[in-house]
Amino acid sequence: MDLATCIRLTYTLASVLVLTVYLLPSLRSRFLAYGPRSLSPSSSGTTSAEREKAATQGNQTPSPVTSLLDRLAEWRVPHSWFTSFYAVSIAWSVFWAVQFACKGWVFRVLVDWHLYYSGHDVIVYSMTLRQVLLAWGMVFVQGCRRFWECLALPQSPSKSQMWIGHWILGIGFYTGLSVAVWVEGARKSFALSPCQNRHPRLPHLLPRRHRRPAPSFRTFCSLLLFIFASGFQHDCHAYLCSLKSPSSHTTTTTSASDNNDSDPTIPKPKDSYRLPTHPAFTHLLVPHYTAESLLYLSLAFLAAPQSEAGGRIFNYTLLAAWVFVVVNLGVTAQGTREWYLSRFGGSREGRETVLRRWRLVPGVW
């Protein structure tokens with residue numbers, strides 16, 4: 001099995017794992033919710049997993065499986081560790097840039113592996129050197145931007161946590177992505193490596209003249225979509241941070257909160273979360289997730305391998321990464337919708353506002 005296939009299979013299995021956890025209530029309540037979504041507005045800061053555990057213990061002695069799941073659910077890390085995802089992404093991008101420039105041994109070993117198991121295809125598809133460099137640059141820019149946002153955008157102190165499995169999946173995703181951006185261009189990249197003579201079949205796979213064609217319409221569209229989605233996502237992140245910034249703690253929130261203030265029997269939330277009113281949130285609950293999906297879709301479109309007989313529409317390795325992103329964000333978007341209904345659905349106006357917004361894809365879902 002070549003390296004590209006291994007990465008695709010890993011992303012596919014990770015997507016199936018996320019869906020499985022979501023479809024099983026006992027796993028969903030323990031492992032999926034993170035950040036403010038793991039807290040109920042009316043439960044004094046307890047997580048859904050803790051409430052389920054308390055209910056189970058009140059009724060009967062938990063089974064060994066339940067006890068094991070409860071133990072695993074206790075392995076949590078601060079939600080602020082999200083910043084490490086982008087630090088890892090930047091580090092891997094720099095690492096592979098150095099490996100490619102210096103023809104490092106790690107790069108040569110992985111390329112050897114990929115070429116050895118890729119076999120003799122009748123039609124050879126490969127990314128061009130320009131595609132490899134652009135894809136690498138897009139991932140590097142994305143990692144730098146998100147890392148800067150995590151450090152620079154104003155955020156109030158938070159004790160939110162996430163299950164350690166989220167953190168491991170995130171680190172694994174960005175590690176695989178750093179290889180996925182160049183692995184389907186290994187045939188062309190390997191031609192520049194000193195170990196080329198170990199593969200006598202390689203020279204006839206490469207064009208005799210290394211021409212430098214003008215940027216294609218595919219490149220133009222992909223970069224345009226990437227730039228638009230990046231700017232759109234940044235605006236959403238900046239706005240969301242302003243909702244929970246220290247200066248917003250004294251702001252009156254929503255009509256649901258006003259109703260709670262007039263009824264002493266309803267417990268008052270201790271946070272200052274508000275239903276977003278930014279134009280980007282008019283038709284979408286989480287438009288920054290939609291932007292994230294578009295970012296990776298543009299990457300898979302730009303990096304589609306080409307051949308003398310034509311080319312593919314998408315890069316299948318990066319498309320597998322995009323599927324994982326969509327599945328993961330889709331599950332989180334559903335959890336966000338349920339949290340919004342619980343938090344702001346106390347009034348008819350608040351409930352209707354949440355229900356008329358799409359989760360991830362406008363007009364579809």
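**Cavity lining, salt bridges and helix spans**

Let me start inside the protein. The lining of the largest cavity counts eight nonpolar residues, three polar and no charged. Nonpolar here covers Ala, Val, Leu, Ile, Met, Phe, Trp, Tyr, Cys and Pro; charged is Asp, Glu, Lys and Arg; the others, Gly among them, are polar.

A word on the model. It is predicted, so local features need pLDDT of at least 70 and side-chain atom pairs pLDDT 80 or more, while totals for chains, interfaces and linings use all residues. Numbering runs from 1 along each chain as its sequence is written, and side-chain values use heavy atoms, without hydrogens or water.

Back to the cavity. A cavity is a set of points on a 1 Å grid over the protein atoms alone where a 1.4 Å probe fits but cannot get out; lining residues have an atom within 4 Å of a point. The structure has three cavities of 30 Å³ or more. The largest has a volume of about 90 Å³, volume being the space filled by probe spheres set on the points, which are joined across faces, edges and corners. Who lines the largest cavity? Ser 89, Met 138, Val 139, Gln 142, Gly 143, Tyr 174, Leu 177, Phe 226, Leu 295, Tyr 296 and Leu 299. Helices α7 (129–152), α8 and α12 (287–302) are the elements that each give two or more residues to that lining. The top contributor is α7, with four residues. Helices are DSSP runs of H or I, at least four residues; strands are E runs, at least two; both are numbered from the N terminus.

Stay with α12 for a moment. Its 16 residues reach 23 Å from first C-alpha to last. That is close to the 22 Å expected at 1.5 Å a residue, where the expected span is 1.5 Å times one less than the number of residues. The helix is mostly covered, with 13 of the 16 residues buried. Buried means under 20% relative accessible area, exposed over 50%, partly exposed in between (1.4 Å probe, protein chains only).

Next, charges. There are six salt bridges, each a side-chain nitrogen of Lys or Arg within 4 Å of a carboxyl oxygen of Asp or Glu. Glu 184 and Arg 8 form one of them, at 3.2 Å from N to O. This pair links distant parts of the chain, 176 residues apart: Arg 8 sits in α1 (residues 3–23), Glu 184 in the loop between α8 (164–183) and α9 (186–190). Glu 184 is buried, at 8%. Arg 8 is partly exposed, at 24%.

Glu 184 also takes Arg 312, with the closest N and O atoms 3.5 Å apart. Here 128 residues separate the partners, and Arg 312 lies in the loop between β4 (310–311) and α13 (316–344).

Now a local pair. Arg 348 and Glu 352 meet at 3.1 Å, N to O. Both belong to α14 (residues 348–355), four residues apart, about one turn of the helix. Shared partners, by contrast, join Arg 8, Glu 184 and Arg 312 into one salt-bridge network. Arg 348 is exposed at 67%; Glu 352 is partly exposed at 39%.

Last, the record. An unreviewed UniProt entry lists 7–24, 81–102, 122–143 and 163–183 under "transmembrane region"; positions follow the numbering used here, feature names are shortened, and annotations may be inferred rather than shown by experiment. In the model, residues 7–24 are 94% helix and 0% strand, with end C-alpha atoms 26 Å apart. Residues 163–183 are 95% helix and 5% strand, with ends 31 Å apart by C-alpha.

Terms used. 1 Å grid on protein atoms, 1.4 Å probe; cavity = no way out; pocket = protein on both sides within 12 Å on 5 of 7 lines; lining within 4 Å.
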